[in-house]
Amino acid sequence: MDSNVVVLDGESLTTEILYKLSRPGTKIKISDDAWKRIEASRTAVDKAVAESEITGVKIYGVTTGFGKNAPKQIAKQHLHLLQVSIIRSHAAGVGQPLSPERTRMLMAVRINVLSKGCRSLITSHELWMHCTMTDRLVGTVRCTCHTRMVAR
């Protein structure tokens with residue numbers, strides 16, 4: 001395998017690998033086992049949504065709103081919009097932008113966590129993350145950390 005490709009499996013990310021991923025030109029590949037876990041998670045969510053249509057059981061954040069909107073049932077045709085909206089609502093930030101290297105490291109950590117298969121992903125989300133890590137940095141991450149919160 002190409003030495004500029006790092007395989008993430010959701011289990012074996014180290015600080016050395018993370019540092020390597022901070023550098024431009026390093027690409028991420030998600031392991032086959034991780035893809036199987038991701039697909040199984042997606043299948044489980046799709047099955048639960050289909051069953052909820054029959055049983056009327058609500059699934060928090062999937063077929064309902066979030067927080068104070070949790071009691072609100074979301075119409076089937078708006079479920080995708082709900083997921084897009086939650087991502088957008090968390091995409092705002094304040095403070096100084098992090099460096100591209102730190103942003104790449106944060107994205108790598110997120111991709112690694114998603115590779116555990118504990119979350120259901122949509123294809124466009126997966127593709128966006130891959131493009132971010134393989135081609136060029138898209139967007140910025142802002143930090144509101146205080147200097148005293150930095151590790152000693």
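How many residues does H4 have, and what distance does H4 reach from its first C-alpha to its last? In this predicted model, H4 has 15 residues and reaches 21 Å between those two atoms, close to the 21 Å expected at 1.5 Å a residue. The protein chain as a whole contains five helices and four strands, arranged along the sequence in the pattern β-α-β-α-α-β-α-α-β.

**Overall chain**

- Of the 152 residues in the protein chain, 24% are buried.
- The accessible surface of the protein chain is about 10400 Å², and carbon and sulfur atoms account for 59% of that surface.
- Among contacts in the protein chain with a separation of 6 or more, 56% join residues 24 or more positions apart.

**Nonpolar core**

- The largest nonpolar core consists of ten residues: Val6, Leu8, Leu18, Leu21, Ile28, Ile30, Ala34, Ile38, Ala108 and Ile111.
- At least two residues of this core come from each of strand E1 (5-8), helix H1 (15-21), strand E2 (27-30), helix H2 (32-55) and helix H4 (100-114).

**Helix H4**

- The buried residues of H4 are Thr103, Arg104, Met107, Ala108, Ile111, Asn112 and Leu114.
- Residues three or four places apart in an α-helix point the same way, because such a helix has 3.6 residues a turn.
- Ala108 and Ile111, both buried in H4, also belong to the largest nonpolar core.

**Segment before E1**

- Ser3 is located in the segment before E1.
- Ser3 has a relative accessible area of 53% and is therefore exposed, the cut-off for exposed being over 50%.
- Ser3 and Lys27 are separated by 24 residues in sequence and by 9.3 Å in space, C-alpha to C-alpha.

Terms used
Residues numbered from 1 in each chain as written. Predicted model: local features only at pLDDT ≥ 70, side-chain atom pairs only at ≥ 80, totals over all residues. Heavy atoms only, no water. Core = buried A, V, L, I, M, F, W, Y, C linked by side-chain atoms within 4.5 Å. Buried < 20%, exposed > 50% of the residue type's maximum accessible area, 1.4 Å probe, protein only. Contact = heavy atoms within 4.5 Å. Areas by Shrake-Rupley, 256 points an atom, 1.4 Å probe, with all protein chains shown as cover. Expected span 1.5 Å × (residues − 1).
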